[in-house]
Amino acid sequence: MMSALTETEIVEAVRCGRHEGQTEMVGRYAQRVYAMIVRQVTDTMDAQELAQDTFMRAFSHIDSYDPRRATLSTWLCRIAYRLTLDYLKRRRPLTVSMEDNGVVQKDISDEDLETELSTGREERIRQLEQLMDTLVDDERMLLTLYYYEDRPLSEIAYITGIDARALANRLYRLRRKMYKQLCSANCH
């Protein structure tokens with residue numbers, strides 16, 4: 001059995017082309033990378049292929065990894081994020097962003113939004129999952145990173161390449177749209 005390598009040792013081993021570095025990287029991070037991808041790509045074979053592509057890309061671009069900017073796990077998720085979005089764009093080129101429906105409603109605070117969208121009622125969870133399916137790929141992935149993976153905004157900013165402040169504003173607008181959609185669905 002191989003002893004666990006540090007992130008630095010894994011990166012150095014991959015840089016040197018040593019098999020144990022690649023094996024350790026895949027063994028340590030494959031499940032997390034796959035979990036992120038499979039939430040977006042429903043076909044498990046395609047999700048597995050994207051996870052494999054993520055590691056192949058990481059191995060061939062290991063020199064671009066900078067441990068001062070992100071952990072190895074976050075860097076891998078950034079690669080997976082980009083590959084998955086590219087895949088989804090090729091598969092669903094006509095998806096349109098969920099827009100506000102023009103219904104004027106009172107503004108809602110971030111705390112109220114969070115409370116309303118986070119309620120654990122099964123019916124609400126089903127509604128939210130259905131709404132998630134209507135989002136464009138990058139919006140759905142953003143919510144996945146924030147809610148399902150519970151990543152901090154700084155990591156999501158690195159993964160997506162979006163400035164943290166802009167990301168916070170985008171998340172707020174996206175959650176507000178979902179809230180409005182829920183309200184209009186429940187009022188009818």
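Asp63 is exposed, with a relative accessible area of 65%. That value, like every other one here, comes from a predicted model. Asp63 forms a salt bridge with Arg15, and the two side chains meet at 3.1 Å, N to O. The pair links distant parts of the chain. Arg15 sits in helix α1, residues 7-15. Asp63 sits in the loop between α3 (44-60) and α4 (72-91). The two residues are 48 residues apart. Arg15 is partly exposed, at a relative accessible area of 36%. Side chains of opposite charge can pair when their charged atoms come close.

In total, the structure holds 9 salt bridges. One of them joins the side chains of Glu24 and Arg28, at 2.9 Å from N to O. Both residues belong to helix α2, residues 19-38. They lie 4 residues apart in that helix, so about one helical turn separates them. Their surroundings can be compared through accessibility. Glu24 counts as buried, because its relative accessibility of 13% is under the 20% limit. Arg28, at 33%, counts as partly exposed.

A further salt bridge brings together the side chains of Arg170 and Asp138, with 2.4 Å between N and O. This pair, too, links distant parts of the chain. Arg170 is in helix α9 (residues 164-187), and Asp138 is in helix α7 (residues 137-148). They are 32 residues apart. Asp138 counts as partly exposed, at 25% relative accessibility. Salt bridges also link Arg39, Glu149, Arg151 and Glu155 in a network.

Thr71 is partly exposed, with a relative accessible area of 39%. Setting aside neighbours within four places in sequence, Thr71 is in contact with Glu7 and Tyr65. Thr71 and Glu7 are 64 residues apart in sequence, yet their C-alpha atoms are 8.2 Å apart in space. The side chain of Thr71 also makes a polar contact of 3.0 Å with the side chain of Thr74.

The average pLDDT is 83, and 79% of the residues score at least 70. Among the elements of the chain, α3 has the highest mean pLDDT, at 97. Helix α5 (residues 110-118) has the lowest, at 56. Over residues 94-106 the pLDDT is below 50. Beyond near neighbours in sequence, this stretch has 23 contacts in the model.

How values were computed. Residues are numbered from 1 along each chain as its sequence is written. This is a predicted model: local features need pLDDT of at least 70, side-chain atom pairs count only at pLDDT 80 or more; totals for chains, interfaces and linings use all residues. Side-chain values use heavy atoms; hydrogens and water are left out. A salt bridge is a side-chain nitrogen of Lys or Arg within 4 Å of a carboxyl oxygen of Asp or Glu. Buried means under 20% relative accessible area, exposed over 50%, partly exposed in between (1.4 Å probe, protein chains only). pLDDT is the predictor's confidence in each residue, from 0 to 100. Contact means heavy atoms within 4.5 Å. A polar contact is a pair of N or O atoms within 3.5 Å; within protein, one must be able to donate a hydrogen and the other to accept it, and residues adjacent in sequence count only if both atoms are side-chain atoms.
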